[in-house]
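Subject: A structure for you to look at

Hi there,

Here is the structure I promised to pass on. Please open it next to this email and follow along as you read.

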Amino acid sequence: MAPRTLFDKIWDSHVVETLPDKTAILYIDRHLVHEVTSPQAFEGLRMSGRRLRHPDATIAVVDHNVPTSDRTQPIEEAESRNQIETLERNVKEFGVPYFPLLSARQGIVHVVGPEQGISLPGMTIVCGDSHTSTHGAMGALAFGIGTSEVEHVMATQTILQKPAKNMKVVVEGQVGPGVTAKDIMLAIIGHIGTAGGTGHVIEFAGSAIRELDMAGRMTICNMSIEAGARAGLVAPDETTFEYVRGRPFAPKGEAFDEAVAYWKTLAADEGAHYDRVVELRAEDITPVLTWGTSPETVIPVTGTVPDPASEADPGKRAQMQRMLDYMGLEAGQKIAGTPVDVVFIGSCTNSRIEDLRAAAAIAAGRKVAEGVRAMIVPGSGIVKAQAEEEGLDKVFLEAGFEWREAGCSMCLGMNPDRLTPGQRCASTSNRNFEGRQGPGGRTHLLSPAMAAAAAVTGCLTDVRELI
Amino acid sequence: MDKFTVLSAVAAPLPEENIDTDKIIPARFLKTTKRTGLGVHAFDSMRYRADGSENPDFVLNQEPYRKAEILITYDNLGCGSSREHAPWALLDFGIRCVIAPSFADIFHNNCFKNGILPIVLPHDVCTQLMEDARMGGNARLTIDLPRQVVVRPDGTEVPFNVDPLRKKLLLEGLDDIGQTLQHEKEITTFEERRAQAQPWIPRIVLD
């Protein structure tokens, strides 16, 4: 057999059948379900009298819509409440395992899956959410799907898909102080663009990736979709196996050893073919952030806002100017020192315990600048409890941050956590699209440490000045 | 799902790159539990001003484009969130065909699942079709799926590619779950084989 990539191996091992036009019926090991993209799929099953084939390969949580404030009170927004209640009726009717709002295990679906050992190496994992790519950090083929496909997976435990192309992004070397997984990934997206990975699955490799902990790898794979890729992957290694060991739904004892033996066979073969290879030097990556309304608008925090006049293509020039107008920035201005109104630390990109520790290290002994609203939204109830055990909640509260309950929150503003028009936000989330965090809101994407630095200085700041 | 065969309709030009699905339908409108009714919110931030009134500069607020069934844009249409609410909003507005030089993968897929035909054509051809579309209400484009051509107002034809299986499903208005369930025996065999080879794969069962 020809040498295969990690993607090829996972793909091959899940093909049930290949149809005449090369479309595969691909078997799905894990289906993650949340309240926003599932109601129409359950309704479809009901209308056609179909059953949900494998409730024991499915897990449901509420995350997108949930309030991150006091949860002992009923949910105020009627439509959000209806969507959550609809999910609760559906999981009951179809027998789907579910972590309800008041469960300690509730949280953002892409934090919960790995944390509970539900997402495992070598698996195929889908969810009606584009950031399903996060689970690729486990060495699993994980991608977002639409609601029609959610229904398809519910009914058949498979999906129809053609194989993706293989792409490898290699980051060799050692990053400098203050440079995190988020900076590495933003630098990659800045380099290849938001359509740079279209049609491809990206495998992240190289010493700088290998040295990341699982949270860092999840941040990287999470934003693969911002590079247009179908999925992101990191080959499973000892870091992965140690992370998985002992998690609630992971294999135990002999079964675990058997699983590890299999997972070790997944890494790409010597000489495996990649359709595209991109290389970056870790030493060249500095703390970065975005200035515009596309995740590819990445500049170093020491840099200046680009000038549309330097863009030759008139369409692109006009689009750059619109971004500047929307963001309330001037061409050529230094990005550091720009005042912020809100700081959001959370989302499936950066809400794990490691992210909170990084933010707390900057916040400790400092105060949130006057006039700034700074929020910490842990990724799950488990992350929140762990942080409280470590005393991080006290660090944040003493500094003047809000310490909130788990959920997607201000990443997409479906719940009451939203920017108001014109507010500028330093955000650890993944998208800076117009209106993403609330109509008229202005988002700068950056790392948890950089976000904490913005909170305590009141403006976009090079975190290296605070460490 | 409605069949898609030949569509002769007004096309709206929207000459922008990277139109993300948040722009097509912002997250605050995703609280519905239905597939219909989202058309009024399609392109909300471009279509309406802060006071809720229509923005007269936006193409879909202008005649004849209020009745557009075809949308033409530039690269990477539908990037970002996987929300199928984006094609649902387009469909509910009346759009049955989207034309762009390139599409984001998930959106591209979601269009087919809802009877919307996404057509990939080179950038300069998209520019030409936008110019056709700007000629007004009589300048209709015809999308002939069986023959795989776009017929311009002057009668010239632009051929396009479409995946044969997806073409078949669109022409017949078929739901692909039924199609896959014809392979149920193979799925069951696959499951049995895996259970033997990898017995360690855990089931998710809550206490």
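How many positive and how many negative side chains does chain B have, and how far apart do the centres of the two sets lie? Chain B carries 24 positive and 30 negative side chains, with 4 Å between the centres of the two sets. Before you go further, please keep in mind that this is a predicted model.

**Chain B as a whole**

Chain B is built with eight helices and eight strands. Its C-alpha trace spans about 65 × 45 × 25 Å along the principal axes. Of the 207 residues in chain B, 60% are buried. If you take the contacts in chain B with a separation of 6 or more, 65% of them are between residues 24 or more positions apart. The chain exposes about 8700 Å², and carbon and sulfur atoms supply 49% of that area.

Now turn to strand 2 of chain A, which covers residues 24-27. In a regular strand the side chains alternate between the two faces of the sheet. You can follow this here: A24(A) and L26(A) point one way, while I25(A) and Y27(A) point the other way. All four of these residues are buried.

Strand 2 of chain A has strand 1 of chain A (residues 15-18) as a partner; the two run antiparallel and are joined by three bridges. In this pairing T18(A) stands opposite A24(A). The hairpin they form has five residues between the strands, and K22(A) takes a positive phi near 80° in it.

Strand 2 of chain A also pairs with strand 8 of chain A (residues 158-161), again antiparallel, through four bridges. Here A24(A) stands opposite Q161(A).

**Salt bridges**

Side chains of opposite charge can pair when their charged atoms come close. Over all chains, the structure holds 40 salt bridges. Here are some to find on your screen.

One of them joins D21(A) and K162(A), whose closest N and O atoms are 3.8 Å apart. D21(A) sits in the loop between strand 1 and strand 2 of chain A, and K162(A) in the loop between strand 8 and strand 9 of chain A, so the pair ties together parts that are 141 residues apart in sequence. Are the two partners buried or exposed? D21(A) is buried, because its relative accessible area is 17%, whereas K162(A), at 30%, counts as partly exposed.

Next, look at R217(A) and D237(A), with 2.9 Å between the closest N and O atoms of their salt bridge. R217(A) belongs to helix 8 of chain A and D237(A) to the loop between strand 11 and helix 9 of chain A, so to speak 20 residues away. Both R217(A) and D237(A) are buried.

In chain B, D132(B) and R152(B) meet in a salt bridge of 2.7 Å, N to O. D132(B) is in helix 5 of chain B and R152(B) in the loop between strand 7 and strand 8 of chain B, so this pair links parts 20 residues apart in sequence. D132(B) is buried at 7% relative accessible area, and R152(B) is buried at 17%.

Finally, R322(A), E434(A), E16(B) and K23(B) are linked in a network of salt bridges.

Enjoy exploring!

Best wishes

How values were computed:
Residues are numbered from 1 along each chain as its sequence is written. Chains are lettered from A and ligands numbered from 1 in the order in which they are written. This is a predicted model: local features need pLDDT of at least 70, side-chain atom pairs count only at pLDDT 80 or more; totals for chains, interfaces and linings use all residues. Side-chain values use heavy atoms; hydrogens and water are left out. Buried means under 20% relative accessible area, exposed over 50%, partly exposed in between (1.4 Å probe, protein chains only). Contact means heavy atoms within 4.5 Å. Accessible areas come from the Shrake-Rupley method with a 1.4 Å probe; for residues, only the protein chains shown count as cover. Lys and Arg count as positive and Asp and Glu as negative; His and the chain ends are not counted. The place of a charge is taken as NZ of Lys, CZ of Arg, CG of Asp or CD of Glu. Two strands pair if DSSP finds at least two bridges between them. A salt bridge is a side-chain nitrogen of Lys or Arg within 4 Å of a carboxyl oxygen of Asp or Glu.
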